[in-house]
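Here is a brief report on a protein–DNA model. It covers the domains first, then the DNA contacts.

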2 protein chains.
Amino acid sequence: MQNSFTEENYLKIIHSLSGRDGAEVSTNALAESTATRAASVTDMLRKLAEKGLINYKKYQGVTLTEQGEKVAIKVIRKHRLWEVFLVEKLGFGWDEVHDIAEELEHIPSEILVEKLDTFLGHPRFDPHGDPIPDAKGNLTEPDYLVLTDVQIGEKVRMMGVLDHAPSFLQHLDRSGITLGSVIELKEVNDYDKSASVQINGGQTLFISLEVSKNLLVQRR
Amino acid sequence: MQNSFTEENYLKIIHSLSGRDGAEVSTNALAESTATRAASVTDMLRKLAEKGLINYKKYQGVTLTEQGEKVAIKVIRKHRLWEVFLVEKLGFGWDEVHDIAEELEHIPSEILVEKLDTFLGHPRFDPHGDPIPDAKGNLTEPDYLVLTDVQIGEKVRMMGVLDHAPSFLQHLDRSGITLGSVIELKEVNDYDKSASVQINGGQTLFISLEVSKNLLVQRR
DNA sequence: ATAAAATTTTAGACTAGCCTAAATTTTATT
DNA sequence: AATAAAATTTAGGCTAGTCTAAAATTTTAT
């Protein structure tokens with residue numbers, strides 16, 4: 001049996017709120033993320049539980065079952081592949097693709113996904129640096145660190161973002177920080193934790209703590 | 001205001017049943033094409049009429065308003081562009097793309113369509129030979145003829161199909177008849193109107209009236 | 001011209017997904 | 001441990017889109 005657009009969205013959101021450890025997700029958190037009311041979430045949880053997609057005990061929060069996890073990862077795979085398509089093939093900016101991919105991710109057809117994957121050359125990461133699950137549903141989160149965890153003097157490579165908001169991505173564009181940029185942490189201001197960084201051995205710029213907290217980087 | 005998936009489908013189907021002359025479409029015809037019951041069609045017609053998308057008087061059948069026509073053509077444009085993408089870029093067969101395009105055609109975003117169009121090189125026809133409306137909504141149906149209207153001895157070019165059923169398209173594949181093939185009509189059997197045709201000056205084969213009736217061709 | 005047949009519409013009902021308001025359960029605070 | 005606050009669920013209701021059965025209208029055929 002097929003899952004509806006809405007069901008898929010719930011599963012995807014539960015997956016992302018649940019985090020790496022598969023922690024329980026609360027009704028209120030889901031209400032917030034789905035932009036619906038808690039009462040509506042409860043209705044949907046009952047339904048998803050009946051279908052065997054989540055583990056749900058009243059008042060106790062939910063986790064995905066193995067089956068639900070599978071569905072969620074498929075949706076994530078589709079979302080990220082379509083984002084690659086939109087950026088690499090159609091020329092969208094990385095700040096413009098989220099909403100469109102949000103629709104495309106619910107198009108059914110296994111074959112479509114696999115052909116798209118092949119067409120794109122089996123990309124491992126989407127335009128925001130998020131890893132793309134493989135066809136078997138293996139999703140390995142690379143263990144990047146957040147820029148705030150980097151020591152002064154370290155040179156790291158920019159690998160992804162935690163915040164996907166267009167305004168944040170546009171801010172990075174204006175700062176000349178893109179995926180793959182080498183960032184050298186020059187100093188951190190004691191007072192507000194703002195940092196001065198050098199990008200690709202060239203221009204030096206100041207970034208706020210807010211920005212640092214949302215940059216995923218890798219030691220080299 | 002946005003139109004729903006279902007509303008878009010009704011408009012698209014009314015457009016196609018209405019034909020070039022914009023003839024009235026009956027409730028039953030719509031029920032058949034939408035695979036719903038006549039009563040459900042009536043409900044939807046009332047709604048579309050209220051939105052100003054169709055001209056509807058009870059018991060009299062419907063036609064599209066200018067506004068409705070616009071929406072229908074946009075959906076058709078999207079459908080056909082996605083079909084080109086699926087065949088040209090992803091490598092699907094022309095018999096495999098209809099259902100997937102049926103989903104993709106409802107993805108909103110004007111920009112997406114225009115970027116897709118550019119990416120595909122502004123194709124004029126889809127993989128079945130159907131014309132693709134331009135961004136302004138101009139849809140010019142080329143005046144192809146059906147193979148049954150061709151005289152014996154004539155050489156024509158295969159330009160499209162009337163029946164889009166996978167089984168028919170697969171049959172053409174097996175016969176070696178593709179878009180652009182040159183077909184010379186050798187003879188027509190008086191009894192059952194089956195025909196013998198030569199393809200691209202090579203192989204000669206017999207085709208039934210059923211096939212002839214569904215082949216669109218052009219004199220050269 | 002009119003009765004039978006076919007088509008279409010109305011009436012009433014169902015499901016998915018959402019809502020508000022009220023009730024219940026859990027958690028936090030004293 | 002008792003109670004206040006917060007979180008969650010239940011109850012009852014709404015809309016979109018569908019259905020069946022019955023009523024109304026149009027078309028067809030005598």
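## Domains of chain A

Chain A splits into domain 1 (5-64), domain 2 (73-141) and domain 3 (145-219). These bounds come from an automatic or database domain assignment. The centres of domain 1 and domain 3 of chain A, taken over C-alpha atoms, are 33 Å apart.

## Basis of the model

This is a predicted model: local features need pLDDT of at least 70, side-chain atom pairs count only at pLDDT 80 or more, and totals for chains, interfaces and linings use all residues. Residues are numbered from 1 along each chain as its sequence is written, chains are lettered from A and ligands numbered from 1 in the order in which they are written, and side-chain values use heavy atoms, with hydrogens and water left out.

At least two residues each come from α2 (27-34) and α3 (38-50) of chain A, and from α1 (5-18) and α3 (38-50) of chain B. Helices are DSSP runs (H or I, at least four residues), numbered from the N terminus.

Sugar or phosphate accounts for 75% of the atoms of DNA strand D within 4 Å of the protein; bases make up the rest. B:D43 reaches a base: an N or O atom in its side chain is 3.3 Å from a base oxygen of DNA strand D.

Notes:
Near = heavy atom within 4 Å. Polar contact = N/O pair within 3.5 Å; in protein donor to acceptor, adjacent residues only side chain to side chain.
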